[in-house]
Amino acid sequence: MSVSTAPPAVSTQRPGVLARMRGTEVRNLGLVAVLAVLIVIGAVTSENFLTTDNLENILVSSSVIGVVTIGMTFVIIGGGIDLSVGAIVALASVWATTLATQSYGPWMMALCAILVGAGAGLANGLLIAYGRLVPFIVTLAMMVSARGLAARLADNRTQLVNEQGIKDLAKTDVLGIPLMVIILAVVAALGWILLNRTTFGRRTFAIGGNTEAARLAGIDTRLNTALLYVLSGTCCGIAAVMLLARTTTGSSTHGNLYELDAIAAVIIGGTLLSGGRGTLIGSILGVLVFITISNIFILNNLATETQNIAKGLIIVGAVLLQRRANRDTT
Amino acid sequence: MDDGVLLRMRGIVKQFPGVRALDGVDLDVAAGQVHCLLGQNGAGKSTLIRVLAGAHRPDEGSLSWEGEDVSFSSPSSAIQRGIATIYQELDLVPGLSVADNLYLGHEKATAGFVHRSAQGAAAAAVLKKLGHSEIPVSREVGRLSAAQQQIVSLARALARDAKLIVMDEPSAVLAHDEVDNLFRVIRGLIAENVAVVYISHRLEEIRQIGDMVTVLKDGRTVATGLPAKSTPTPELVSLMTGRNVEYLFPPRTSDPFSSDAPLLQVEGLALKGAFEGVDLVVRPGEIVGLAGLVGAGRSEVLETIYGARRRTTGTVRMEGRELPAGSVRAAVKAGMGLAPEERKSQALLLGEPVARNVTLASLSRMTKTVPGWLDRRREKITAQEATAGLEVRPADVTRAVKTLSGGNQQKVVLARWLLGSTKLLLLDEPTRGVDVGARSEIYALVRRLADDGMGVLLVSSEVPEVLGLADRVLVMREGQVVHTGPADELDEHRVLDLVMEGIAR
Amino acid sequence: MDGFTLDRRRLLAGSGLLGAAGLLAACTSNEPDEPESTGASQVANTGSGNDEPGQEVVIGFSAPAADHGWIGAITTKAEEEAAKYEDVDFQAVEGSNDVNQQISQVETLISRNVNVLVILPFDGNALTEVGIKAMEAGIQVINLDRVFSSARGYRTYIGGDNYGMGAAAGYYLAQQLTEKGVKDPVIGEVQGIADLPLTQDRSKGFEEALATAGFKVSNKVSAQFTVESGQQVTSNLLQAAPKLDALWNHDDDQGLGVLAAIEQAGRDEFIMVGGAGSRNMMDLIKADSGVMKATVTYPPSMAASAVKLARLVGQSKGMADLVELGVPASITLTSETITKENVDQYLSLGFES
């Protein structure tokens with residue numbers, strides 16, 4: 001029963017576009033459709049929606065959480081979870097805006113934020129990969145303690161960014177495109193290459209899909225896992241720099257609930273929460289969907305509570321859809 | 001069959017992606033009887049039990065219960081009819097008390113409030129009936145011994161007034177005298193006209209407690225209604241292992257007495273609780289087989305050599321260089337490759353395309369000039385060549401592995417190791433779940449690899465496979481090597497004698 | 001890869017990390033601070049004799065976690081005020097945003113037998129019972145800002161006026177817009193956390209004051225009292241209203257984000273009023289270089305007053321300027337409007353957000 005009697009597929013014959021797409025990409029199409037519907041709703045309900053300014057505003061608003069979500073996508077595809085992203089953003093933003101750091105100038109502030117993010121990620125990664133602790137617990141602990149440390153460093157104050165160089169990031173356009181959006185695009189492009197074109201990315205899929213198989217194939221699963229969290233932390237550091245520019249402050253209240261927003265975007269983007277399958281493009285579409293919803297609600301002067309209900313429904317709907325897609329392919 | 005039949009299964013088929021786990025099983029169980037199920041690992045016993053318990057729905061076939069056609073949509077519907085199953089992995093809740101476990105799902109309660117004392121008294125009565133009134137009903141199950149947990153499982157079946165109790169290898173976790181006690185309990189059940197389906201690898205137990213025997217092989221019933229006490233052991237063994245198709249084993253080409261420098265040299269290898277004192281040598285171009293019953297420690301030996309388990313003592317040398325304990329990476333670097341027993345959970349990324357599965361262990365060689373940057377064209381071409389060489393069908397490397405048959409999945413795993421600089425292939429049950437036609441292909445393939453200079457260490461619970469394919473054979477029993485010698489000096493019955501000595505008596 | 005390159009790389013990575021750690025450690029310091037603006041309250045009531053040292057009073061203090069500027073200022077102002085009196089033993093407990101924990105903390109203070117308690121409850125309703133418990137144990141309670149649901153829970157209430165704050169902002173904007181002769185103005189409002197009663201009171205006051213001039217709020221968004229949320233919602237609000245005439249932001253802490261969003265959008269066609277009265281906002285009002293024209297106070301200096309009241313209550317004294325012998329049962333502060341004209345008077349009361 002094993003071997004079909006049909007002649008084996010000839011490799012020169014290219015299958016159709018849809019047939020070549022894998023489940024996640026088809027789901028991405030669904031998300032594009034959701035986004036299209038949202039855009040239509042936005043355009044119909046508010047005359048201010050389809051303006052260049054507003055579309056730019058949506059992209060800029062997506063940029064900070066978008067960068068965090070890219071790191072989160074890697075972690076989740078690799079079979080983990082990172083609850084500490086919001087707290088790491090807060091810690092990096094505070095550390096980069098202490099007066100001592102600011103005295104070194106804007107480049108050092110940016111470097112500081114990124115190093116703090118990477119360092120916190122490294123701590124997560126070492127405890128999870130080499131300390132064999134559960135990611136949920138480790139990153140939960142990091143979430144609590146990083147925010148605590150941030151509050152302590154800032155002495156519960158909001159720290160103003162004095163460096164014009166950092167503040168200007170939020171107001172700079174390159175070829176008419178806001179720098180914030182360009183940063184997101186660059187991080188996303190680098191992330192996409194790392195995930196889909198390198199051995200690291202391939203191993204990440206393998207570890208998330210079947211850790212035991214990856215280990216028995218001789219892959220250094222622990223090093224790879226640790227690096228995933230460093231990557232996520234680094235993304236948080238970059239996001240913190242962007243947030244410094246956007247808010248012109250560093251604060252322990254920054255990045256509030258980013259972990260939930262990022263995880264939600266990753267999941268509605270078609271990445272399996274159990275790991276092994278997912279796309280970055282889906283995650284970014286997920287972020288855009290959420291941000292667009294908020295935008296439409298505010299443009300129409302609707303209350304925040306309803307907006308949260310809508311977000312919740314979308315998460316549940318997306319996961320139900322994901323389950324069906326899974327069943328179809330099993 | 002007579003009219004006392006409680007359960008009748010006819011032509012049960014259960015298909016999983018890539019495997020036909022049950023391929024037409026017939027089974028009749030009468031009230032007041034102990035019906036034994038015999039079969040090798042992978043013969044379909046566990047799947048059959050799950051169908052019976054309502055955990056799997058059969059794809060084909062009919063099931064009648066007390067003369068009435070039924071279909072169980074869920075475990076609870078089977079339980080309501082009076083079928084209780086005691087799984088190999090006990091399904092008790094460790095954090096709940098004995099009494100709570102006994103009545104889990106059918107608590108003695110009013111409006112959601114549990115009558116704790118009534119339930120405790122009832123639980124104590126059931127345990128007393130089983131002769132185990134020493135187990136305190138209020139104790140947390142997690143704090144009981146394995147044997148006591150087994151009794152609690154049994155008590156739970158009784159508490160549900162089961163008419164049929166299915167026991168999957170109940171003796172596996174029990175000491176000798178505890179088994180006797182279990183048998184006493186089973187006899188008591190039989191006297192009350194309860195039916196028991198009993199699964200065990202141990203022939204002596206089947207002789208002691210069984211009434212009828214059904215033998216399963218490759219998902220089919222090969223014999224049913226055999227008297228448990230009087231059917232001769234050789235007949236049972238050949239029913240379990242014998243096959244309708246004679247496999248074609250490729251001719252041996254290597255010299256079993258070669259004095260070539262060994263590729264793999266294992267000395268005094270031991271893993272606590274699994275095996276000890278294992279010495280073995282594999283030379284280039286040689287196939288060495290490990291035979292033995294399940295639980296004899298064969299797979300553990302393989303996994304320990306590979307570093308997937310950390311050895312307690314002993315040395316493992318590849319080409320004279322000692323390997324560190326518990327490091328798969330070092331083993332792979334030294335040129336080992338493992339095709340594990342549980343292909344799906346231990347080797348394959350089922351949802352990923354064939355190509356990605358093939359290149360998994362040699363990704364670092366699939367790169368362009370920039371380290372870590374994948375050359376996807378080369379990856380695809382390499383995978384295509386490797387799979388074409390093994391005649392993996394269909395020949396499309398972009399297909400998800402889970403759509404392939406068992407034999408082709410196994411070839412994908414083999415192709416993975418052929419890409420690298422593998423010198424020693426460790427094969428654990430290489431034809432498990434592989435259909436008959438594809439087996440000969442795999443045998444020929446393994447032999448061809450050996451002819452090309454690769455060393456092979458083979459583990460199989462199918463004795464003819466070991467004897468037919470290997471050049472030299474090590475026979476293991478209860479964690480020790482009991483015989484080593486050239487394969488052509490052994491036959492199936494001699495091996496079975498060796499492995500069952502002291503078991504089949 | 002061979003061992004050499006591997007080791008070398010490790011070494012490099014290792015030294016890089018060490019260097020980074022050194023740099024990061026150097027960056028935690030907030031020391032070279034600008035000269036600390038003392039921010040001490042300068043309530044001038046010397047000469048009454050009330051400030052003369054008297055019988056020692058042990059004052060217990062409990063407030064929510066100081067996770068944003070205003071609450072932070074409450075705590076420091078209370079501490080600073082207490083430090084001025086030799087006869088005050090000030091015992092503050094760690095702030096908490098968990099009512100349950102705050103209740104236990106107050107209970108601890110009760111069992112420590114303090115003389116007077118100053119409580120700023122996270123939620124007034126939830127802390128009422130423990131307030132009553134303290135009063136029944138003979139400990140006088142000064143209920144700060146968020147009022148208990150029963151007057152049995154406190155000896156004296158002192159707090160801000162949320163409705164009055166909204167009203168002050170509304171009247172100020174109505175007057176400014178009327179003066180400019182704007183017809184049908186587009187007015188935006190950035191709330192704090194929408195479901196808090198205090199937010200609803202503020203919005204109600206704002207709407208009702210605007211209504212006196214026939215105006216109404218056209219666009220309303222709610223933030224979370226944090227800079228980031230202020231920035232986020234305001235950037236969307238500005239899209240919803242391509243042209244604004246006026247904007248009221250409830251909270252100066254989140255105001256930093258609101259202003260960042262306004263600056264990034266390059267908007268300056270409207271006037272903006274803040275809320276609470278932070279030092280940052282006062283500086284901006286004084287500079288008068290942007291949209292920020294005024295802020296309506298909700299002064300954290302009330303904490304200093306509460307400590308003063310606690311001391312008076314503890315020493316059984318009254319307020320010198322009043323005829324009555326005892327401290328009144330309830331004091332509600334007015335919300336004052338700070339503009340360029342009077343900002344100098346208030347600078348010292350501004351809190352660091």
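Predicted model: local features only at pLDDT ≥ 70, side-chain atom pairs only at ≥ 80, totals over all residues.
As for handedness, α4(B) passes α5(B) in a right-handed crossing. On the α4(B) side the contact comes from B:V126, B:L127 and B:K129, and α5(B) answers with B:A155, B:L158 and B:A159. Sorted by class, this contact of α4(B) with α5(B) has five nonpolar residues, one charged and no polar ones.

Over in chain A, helix α3 (residues 52–77) isn't straight: there is a bend of about 45 degrees at A:S63. The helix is also largely enclosed by the rest of the structure, because 21 of the 26 residues of α3(A) are buried. Just past the end of α3(A), A:G79 takes a positive phi of about 90 degrees.

Then there's the contact between the two chains, which takes 27 residues from chain A and 35 residues from chain B. On the side of chain A that touches chain B, the elements giving two or more residues are α10 (199–209) and α11 (211–216) of chain A. Of these, α10(A) gives the most, with seven residues. The class breakdown for this side of chain A is ten nonpolar, ten polar and seven charged residues.

Key. Residues numbered from 1 in each chain as written. Chains lettered and ligands numbered in written order. Bend = angle between axes of the 7 residues up to and from the residue. Helix = DSSP H or I, 4+ residues; strand = E, 2+ residues; numbered from the N terminus. Buried ≥ 20, exposed ≤ 12 C-beta atoms within 10 Å, placed from the backbone. Left-handed = near helix turned anticlockwise from the far one by under 90°. Contact = placed C-beta atoms within 7 Å. Nonpolar A, V, L, I, M, F, W, Y, C, P; charged D, E, K, R; others polar.
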